[in-house]
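Here is a walk through one protein model, from the overall fold to single residues. Keep the structure open and follow along.

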Amino acid sequence: MCRAIAGVLYHLPWWRLAGFCCECYRGGLGKSGGLLCSAPPYTEAVIDKDFASQRLAELVEADLFIVLTGVDYVFVNYNKPDQEKLEHVNVAQLEEYIKQDQFAPGSMLPKVEAAIAFVNGRPEGKAVITSLENLGALIESESGTIIQKD
């Protein structure tokens, strides 16, 4: 059975695990959003929401990690005449694009890095970066940027 977890965990706002209280949300502190965790003695910390979602997906042994964003695909040369959408890519390809500074820090870069971390941690799994509006097309025809280990 496929267990999937979306990178929009702010729809399920609170987890209580072994005395920890965590919330993963969008927006908020600065513009980044993140995961707010409290545990005795209730010290708060903010963690990037993409990496928090990735870690949770890994911990629940998800087969599919979906990161929702404002665009249907990840692009290289974004907003340039030679813009190219990425449909099926592997970790090595994404790492090369990162070296070329193809992804904006604080925007698409943490999403791509979280997807890479997920498939590196679960080589049999897939990560997908797409928009909420494209989720139906993802289910029907694998639309969106699909990331696999090899």
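Glu 142 counts as partly exposed, at 40% relative accessibility. Glu 142 sits in the loop between helix H4 (135–141) and S11. Its phi is near 55°, a positive value in a residue other than glycine. The model is predicted, so treat that angle as a computed value.

Now step back to the whole protein. The secondary structure comes to four helices and 11 strands. Of the 150 residues in the protein, 41% are buried. Consider the contacts with a separation of 6 or more: 51% of them join residues 24 or more positions apart.

Start the tour of the helices at H1, residues 49–59. Which residues of H1 are buried? They are Lys 49, Asp 50, Ala 52, Ser 53, Gln 54 and Ala 57. Buried here means under 20% relative accessible area. Arg 55 is also found in H1. Arg 55 has a relative accessible area of 42%, so this residue counts as partly exposed. Arg 55 and Ala 117 are 62 residues apart in sequence. In space, their C-alpha atoms are 8.6 Å apart.

Ala 117 belongs to H3, and H3 meets H1. Two packed helices are described by the angle between their axes and the distance between the axes. For H1 and H3, the axes come within 8 Å and cross at roughly 15°. That angle makes H1 roughly parallel to H3, because angles under 35 degrees count as roughly parallel. The crossing is right-handed. On the H1 side, the residues that meet H3 are Lys 49, Asp 50, Phe 51, Gln 54, Ala 57 and Glu 58. On the H3 side, they are Pro 110, Lys 111, Glu 113, Ala 114, Ala 117, Phe 118 and Gly 121.

Follow the chain out of H1. Just after the helix, Glu 61 takes a positive phi of about 55°. Asp 63 is found in the loop between H1 and strand S6 (64–69). At 26% relative accessibility, Asp 63 counts as partly exposed. Asp 63 and Gly 125 are 62 residues apart in sequence. Their C-alpha atoms are 4.7 Å apart in space.

Next, look at the loop between S7 and S8, where Asn 77 is found. What does the side chain of Asn 77 do? This side chain makes a polar contact with the side chain of Asp 82, at 3.5 Å. Leave aside the neighbours within four places in sequence. Asn 77 is then in contact with Asp 82, Gln 83 and Gln 102.

Move on to helix H2, residues 91–99. At its start, a side-chain oxygen of Asn 90 reaches to within 3.1 Å of the backbone nitrogen of Ala 92. Val 91, Leu 94 and Tyr 97 are buried in H2. Seen down the axis of H2, the buried residues fall within an arc of 125°, so they line one face of the helix. The face turned away from that buried side carries the exposed residues Ala 92 and Lys 99. What covers the buried residues of H2? The cover includes three strands in the list S7 (74–76), S8 (84–86) and S9 (88–90). It also includes helix H3 (108–121) and strand S11 (145–148).

The axes of H2 and H3 come within 10 Å and cross at roughly 150°. That makes H2 roughly antiparallel to H3. H2 passes H3 in a left-handed crossing. From H2, the residues Val 91, Leu 94, Glu 95 and Ile 98 meet H3. Their partners in H3 are Leu 109, Val 112, Glu 113, Ile 116, Val 119 and Asn 120.

End in the loop between H2 and H3, where Asp 101 is found. Is Asp 101 buried or exposed? Asp 101 is exposed, with a relative accessible area of 67%. Phi of Asp 101 is near 55°, a positive value in a residue other than glycine.

Note on methods:
Residues numbered from 1 in each chain as written. Predicted model: local features only at pLDDT ≥ 70, side-chain atom pairs only at ≥ 80, totals over all residues. Heavy atoms only, no water. Buried < 20%, exposed > 50% of the residue type's maximum accessible area, 1.4 Å probe, protein only. Helix = DSSP H or I, 4+ residues; strand = E, 2+ residues; numbered from the N terminus. Arc of directions from axis to C-beta. Contact = heavy atoms within 4.5 Å. Polar contact = N/O pair within 3.5 Å; in protein donor to acceptor, adjacent residues only side chain to side chain. Axes fitted to C-alpha atoms, helices over the stretch in contact; angles between N-to-C directions. Parallel < 35°, antiparallel > 145°, perpendicular 65-115°, else oblique. Left-handed = near helix turned anticlockwise from the far one by under 90°.
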